[in-house]
Amino acid sequence: MITLKNVILRRSAKVLLNGASVTINPGEKVGLVGRNGAGKSTLFALFNGGLHEDGGDFYMPAGWRLAQVAQNMPETEESATDFVVGGDTRLTELREALATAEAAHAADPDDAEAGMALAHAYTDLHDAGEHDAVPRAQALILGLGFKVHELDQPVNSFSGGWRMRLQLARALMCPSDLLLLDEPTNHLDLDALVWLESWLQKYTGTMVVISHDREFLDAVTDVTLHIVHEQLTRYGGNYSAFETLRAQQLELQQAAYEKQQDKIAHLQKFIDRFKAKASKAKQAQSRVKALERMEKVAPLLAEAEFSFEFKEPGNIPNPMLTISEASFGYRQEGAAPKTILSGVNRSVLAGQRIGILGANGQGKSTLVKTIAREMGALAGTVTEGKGLNIGYFAQQELDVLRPQDTPLEHMVRLARELGPTRERTGEQDLRGFLGSFNFSGEMVKQPVGTMSGGEKARLVLAMMVWQRPNLLLLDEPTNHLDLATREALAVALNEFEGTLMLVSHDRALLRAVCDEFWLVGRGRVVDFDGDLDDYQRYLLEEARRVREEAKLAARESASAGAPAAASTQTAAQDRHQRSSQAKPLKRELQSVDDRLAAAATEKAELESRLSAPLPSEEIVEASRRLKAVNDEISRLEERWLELSGEIETLSAG
């Protein structure tokens with residue numbers, strides 16, 4: 001186990017932990033939470049040996065193997081598969097040991113000790129998983145959203161976000177007793193995030209994770225450590241359980257609680273207002289539940305240091321915009337345009353709150369960029385309502401900020417660009433406005449390039465609020481926001497009087513602010529008639545469809561590439577041998593397919609049973625069986641990938 005007893009931790013002169021004590025037991029999945037700057041990353045540095053305690057006692061078993069995601073951007077021409085296989089440090093060590101043993105045996109084939117060492121090296125390598133290392137690595141890579149044809153591409157050919165996914169896959173590949181994950185979901189879309197949750201739920205070691213995604217924490221953790229007031233407080237349960245217990249504690253602190261009443265009343269006002277208007281639609285009911293959670297933990301939200309609101313738009317056209325027979329995509333110099341979406345017919349009406357769903361690479365950002373005027377439609381029309389004023393938060397928006405300029409300089413420039421508004425634009429007025437976004441004192445004159453990702457994101461939000469938009473287009477706005485700021489954003493978006501379109505892998509935010517969804521996929525944009533739980537099931541079905549298509553394409557490719565006729569007896573024998581080797585694999589693949597179908601049927605039946613009133617003992621039994629079925633489906637899907645890869649290799653010859 002890991003124990004801290006009266007531990008003192010400092011960063012420079014700042015004390016982050018002062019006399020902190022806590023125990024983490026083997027196999028526990030721990031969420032580490034606290035405000036930005038509270039000391040979460042510093043505690044990780046203690047766990048991984050990057051620094052030592054300044055006082056007290058810290059203990060971690062000496063034999064524990066540690067895995068964590070490297071923060072540096074990988075620069076290598078290695079293939080994606082080889083790079084991830086390299087994350088298995090035990091395998092790398094044993095491969096080196098085998099090379100040494102082979103050299104010794106080659107130098108003296110009659111040396112009995114060298115022969116024994118070689119035999120041991122082969123046995124150790126097999127026990128460490130050498131035989132299935134490549135399929136294991138490729139299952140991780142594909143799970144994190146890569147395509148089959150990208151498995152052998154060089155690491156350097158991928159963009160920064162995709163390379164960081166490979167770093168994550170490399171960390172998961174490493175055999176470990178302790179897994180440290182610092183914001184692992186930042187570069188993931190929702191489909192990859194759902195896969196990662198499933199993988200981590202099966203991880204048998206001890207895990208400590210820092211994340212600002214509350215639903216991710218709920219899915220993968222069973223203990224929460226809260227850093228507050230230089231102390232570590234342990235809560236049994238996931239983030240939602242911690243949130244409830246923490247809110248109850250705050251209620252008991254009556255003096256502080258009374259000071260929060262105005263803010264709680266403010267929260268309650270918009271919760272009640274929404275409930276009064278909510279339709280019976282499945283998405284709206286999901287949103288009601290999210291708001292009920294906010295109602296329950298209102299004291300905790302009121303304790304947060306940060307809150308803001310979007311100003312009432314000057315006017316709200318209706319419709320906001322209309323898209324007719326449009327095609328969206330990219331224009332390429334010297335080549336035909338690349339169409340991503342076609343036949344798009346959509347209207348965005350005043351007051352709509354639309355969540356945009358879709359697997360990675362299907363065109364969500366293309367849709368948002370076109371509406372935001374960053375790109376032009378390839379065909380058709382996008383007609384804007386009179387007076388449309390778009391506030392756009394792009395994934396790369398933080399990079400657009402000028403690193404050498406200060407928040408105050410950004411706001412002065414924005415105020416000049418917008419011209420006369422209802423706001424006063426003197427320096428003191430702009431300082432006051434920035435102060436409402438936690439840019440206080442001399443921080444308004446700090447170069448943006450020296451700020452954290454969360455501080456930059458807050459500045460972008462401040463600039464959006466200043467523009468008084470009537471249509472908000474938000475593309476992954478929470479990537480750099482801590483939990484308190486995400487909650488503040490959810491509150492502000494719920495009170496926003498205009499129209500909202502949101503792309504996000506933060507399911508808590510989607511649930512809280514969206515009451516309808518568009519699905520972007522297979523080159524189309526359609527309504528999604530369901531909630532986020534339905535969408536997760538859709539993603540799993542879509543992943544299976546993609547695998548089936550990949551399998552079919554591999555078979556067709558192998559068939560097309562085969563010689564029209566055997567020119568020699570050797571070639572015929574080779575094909576026969578490969579066909580014989582593939583037969584048992586194909587039989588097993590068919591068996592896995594059949595078992596997957598049966599498991600999917602049983603899962604649907606169990607979920608249907610659990611949606612109806614049942615005695616408590618039947619609920620427990622059905623829940624236990626559902627978990628077992630989900631585990632079986634995950635195992636079968638991994639085996640399906642392995643078998644498909646082996647069959648594809650044999651078919652390709």
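1. A quick definition before we start: two strands count as paired if DSSP finds at least two bridges between them. Helices (H or I, at least four residues) and strands (E, at least two) are DSSP runs, numbered from the N terminus. With that in hand, strand β1 (residues 2-11) pairs with β4 over four bridges, in the antiparallel sense. Within β4, Gly-55 is the residue standing opposite Ile-8.

2. Some housekeeping. This is a predicted model, where local features need pLDDT of at least 70 and side-chain atom pairs count only at pLDDT 80 or more, while totals for chains, interfaces and linings use all residues. Residues are numbered from 1 along each chain as its sequence is written, and side-chain values use heavy atoms, with hydrogens and water left out.

3. Back to that sheet. It is open and has three strands, in the order β2-β1-β4, with antiparallel pairing. At the edges sit β2 (14-24) and β4 (55-59), each of which pairs on one side only. From one strand to the next, the twist averages 30 degrees. Helix α1 (residues 40-47) packs on the sheet and touches β1, β2 and β4; contact here means heavy atoms within 4.5 Å. The direction of α1 makes about 120 degrees with that of β1. For such angles, axes are lines fitted to C-alpha atoms, for helices over the stretch in contact, and the values run from 0 to 180 degrees between N-to-C directions.

4. Next, have a look at strand β8 (residues 223-228). Five of its six residues are buried, so β8 is largely enclosed by the rest of the structure. (Buried means under 20% relative accessible area, with a 1.4 Å probe and protein chains only.) Strand β3 (residues 29-33) runs parallel to β8, and four bridges join the two; Val-30 has Val-223 as its bridge partner in β8. Strand β9 (residues 231-236) runs antiparallel to β8, joined by six bridges, and Gln-231 in β9 is the bridge partner of Val-228. The hairpin of β8 and β9 has two residues between the strands, and His-229 takes a positive phi near 50 degrees there.

5. Helix α14 (residues 364-371) is another one to check. Seven of its eight residues are buried, so α14 too is largely enclosed by the rest of the structure. Among the buried ones are Lys-364, Lys-369 and Ile-371. Just after α14, Arg-373 has a positive phi of about 75 degrees.

6. How many cavities of 30 Å³ or more are there? The count comes to two. A cavity is a set of points, on a 1 Å grid over the protein atoms alone, where a 1.4 Å probe fits but cannot get out; lining residues have an atom within 4 Å of a point. The largest holds about 70 Å³ of space, and its lining includes Asp-189, Ile-356, Lys-364, Glu-476, His-505 and Tyr-535. By class, that lining has six nonpolar, three polar and three charged residues.

7. The second largest cavity has a volume of about 40 Å³. Its lining includes Gly-358, Gln-362, Tyr-538 and Glu-542. Both β17 (516-521) and α21 (532-561) supply at least two lining residues, with β17 giving the most, at three residues.

Notes. On a 1 Å grid over the protein atoms alone, a cavity is a set of points where a 1.4 Å probe fits but cannot get out, and a pocket is an open set with protein on both sides within 12 Å along at least five of seven lines; lining residues have an atom within 4 Å of a point. Grid points are joined across faces, edges and corners, and a volume is the space filled by probe spheres set on the points. Ala, Val, Leu, Ile, Met, Phe, Trp, Tyr, Cys and Pro count as nonpolar, Asp, Glu, Lys and Arg as charged, and the others, Gly among them, as polar. Buried means under 20% relative accessible area, exposed over 50%, partly exposed in between (1.4 Å probe, protein chains only).
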